[in-house]
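Me: I've got a model open and want a quick tour. Can you walk me through it?

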Amino acid sequence: MRIYNTATRQVEEFTTYVPRLARGYVCGITPYDHMHVGHGRVYVFFDIFRRYLERLGYEVRLVINFTDIDDKIINRAKEEFGHEAYKRWREIPERYIAEYFEMTKKLYIKPAYAYPRVTENVEDMVKWISTLVEKGYAYVAPDGSVYFEVAKVPNYGVLSRQKIEELVAGARVEPEPGKRNPLDFALWKSWTPGEPWWDSPWCPGRPGWHLECVVMSTKHLGAPFDFHGGGADLIFPHHENEIAIARAYFGVDNFARYWIHVGYLTVRGEKMSKSLGNIITLREVLSKHSGEALRLAYAMSHYRKPMEFTYELLQQAEDMAKTLYTAYDELSQALRDAGEKDQEPLAQEALKYAEAFYGALDDDMSTPEAVQQLYGMARYIISTVLHKIEKISRETALTILNKYVEMADVLGVLERRQIPKELEEVVKTLVEVRAKLRQERQYQLADYIRQRLAELGVELHDFGPRTYYTYRR
Ligand SMILES: Nc1ncnc2c1ncn2[C@@H]1O[C@H](COP(=O)(O)OP(=O)(O)OP(=O)(O)O)[C@@H](O)[C@H]1O
Ligand SMILES: [Zn+2]
């Protein structure tokens, strides 16, 4: 497969250091508030990427961290707990990490290989800083903070394609007392009274964000590993600085081969962000819509492009999900009506969608095209395969169904395929009764059954004498 690499600004062939094993790290949330739809875009994209790699035969080790100590968490704790913040601040990350697991489950995001937390890795981080100081890449400021000296790294700016001088002139970073260069960043932040702290050789304090991600990713994945990702806002300074730290520590040019960045999710053209006050929480959206509809809505935009979020889009995705289930439910039931041998080349036609689907994902994860192909296959099943089921063998029908499910599994939809057994039996019985009534020309009663079932979420579709049904999830 081919994927765009921010580090080279090119679409490249994806290969891994260890054959058949893909190791990746995605920057996780800072758990200080509700997750919003913008966060969901990032983690769903990497879930689809991971599912696709698995389909290609890779074992995927995906690590997602929690930045569970941060200014934003401390501020939130002060707002909420006042003078008790010092004692109770951990309740904030606990609450929103729990929400992360709840929401990602609703979004059918597969569990990660590891979920490291900053607070559980501070000791390792301190060791790293000591090494960086010893190697001459970091210096201790008078207040006990430790800074990374970017000028010591020869290719600083490789990822964001910026030169040190331009960055300084651009004044995107504030000069701070104790720093030799405004671009230098804290590896260790000295303690502020009333705030959480950990011990270190320099002063009580806590680690800096960029260092945290390098330590946690390489701890679980080694260095170098295959891909590193996050939202596009992380390219600079976060990922640039991660690369600089890893270069200093390991002496490797780049500790991750592919850098993959997801574009912004926007509302009226503006990035969805807490600070802009335009967030829509995942909890809110997922209380009204299925996780599958939201996944489809995300997939309808290419991951590198901005994506405008609207409820109309979500409704469109919901309708699409419904069609996907109809095709699945009814083709599963139609298997029993399949013929002896293939009289029509339906499989060849159906499998063209699969070919185009995988071709699209192969080409820099073109999920919008993949969604269209899956949807196209669903419509082909409904409009053609179900009508002509007697003209193909059971084996062929099963091949089509299996391919269809396999594609859905890559996008993480049709996750609720199972219809409760009891319900299935009851509906089957009613469908039989209705067929009898129709034979006896008791159309009014037959229609009554169909209407009552529709009200209960079971839709019947007649194909000549055969009737298949779909169940509203
Ligand atoms: N609107 C958005 N669109 C796409 N990705 C986003 C958006 N907002 C945040 N992200 C990504 O979500 C991940 C988690 O980010 P983090 O917890 O740091 O949130 P954040 O950027 O602080 O969000 P906010 O600005 O709303 O507080 C990061 O990879 C970040 O790039
Ligand atoms: Zn990170």
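**Binding site, overall fold, cavities and a pocket**

Reply: His 238 counts as buried, because its relative accessibility is 1%. Buried means under 20% relative accessible area, exposed over 50% and partly exposed in between, with a 1.4 Å probe and protein chains only.

Me: What kind of model is this, and what are the ground rules?

Reply: This is a predicted model: local features need pLDDT of at least 70, side-chain atom pairs count only at pLDDT 80 or more, and totals for chains, interfaces and linings use all residues. Residues are numbered from 1 along each chain as its sequence is written, chains are lettered from A and ligands numbered from 1 in the order in which they are written, and side-chain values use heavy atoms, with hydrogens and water left out.

Me: OK, back to His 238. Where does it sit, and what is it in contact with?

Reply: His 238 is in helix 8, residues 235-250. Helices (H or I, at least four residues) and strands (E, at least two) are DSSP runs, numbered from the N terminus. Setting aside neighbours within four places in sequence, His 238 contacts Cys 27, Trp 209, His 210 and Cys 213. Contact means heavy atoms within 4.5 Å.

Me: Which residues does UniProt list for "binding site"?

Reply: The UniProt record gives Cys 27, Cys 213, His 238 and Glu 242. Its positions are in the numbering used here, feature names are shortened, and annotations may be inferred rather than shown by experiment. The four span 216 residues in sequence, yet no two of their C-alpha atoms are more than 11.2 Å apart, so they gather at one spot.

Me: And Glu 242, buried or exposed?

Reply: Glu 242 is buried, because its relative accessible area is 0%. Helix 8 holds Glu 242. Leaving aside neighbours within four places in sequence, Glu 242 contacts Cys 27, His 210, Cys 213, Val 214, His 228, Phe 255 and Trp 259.

Me: Zooming out. What are the overall numbers?

Reply: The protein has 16 helices and 15 strands. Its C-alpha trace spans about 95 × 50 × 35 Å along the principal axes. Of the 473 residues, 55% are buried. Among contacts with a separation of 6 or more, 75% join residues 24 or more positions apart.

Me: How many cavities of 30 Å³ or more?

Reply: Three. On a 1 Å grid over the protein atoms alone, a cavity is a set of points where a 1.4 Å probe fits but cannot get out; a pocket is an open set with protein on both sides within 12 Å along at least five of seven lines; lining residues have an atom within 4 Å of a point. The largest cavity holds about 70 Å³. A volume is the space filled by probe spheres set on the points, which are joined across faces, edges and corners.

Me: What lines the largest cavity?

Reply: Its lining includes Arg 41, Phe 45, Tyr 298 and Thr 367. Helix 1 (37-55) gives the largest share, four residues. By class, there are seven nonpolar, two polar and one charged. Ala, Val, Leu, Ile, Met, Phe, Trp, Tyr, Cys and Pro count as nonpolar, Asp, Glu, Lys and Arg as charged, and the others, Gly among them, as polar.

Me: Now the second largest pocket. Which residues lie nearest its centre?

Reply: Glu 318, Lys 322, Tyr 471, Arg 472 and Arg 473, out of 17 lining residues. The second largest pocket has about 270 Å³ of space. Helix 11 gives the most to its lining, seven residues. The classes are five nonpolar, five polar and seven charged.
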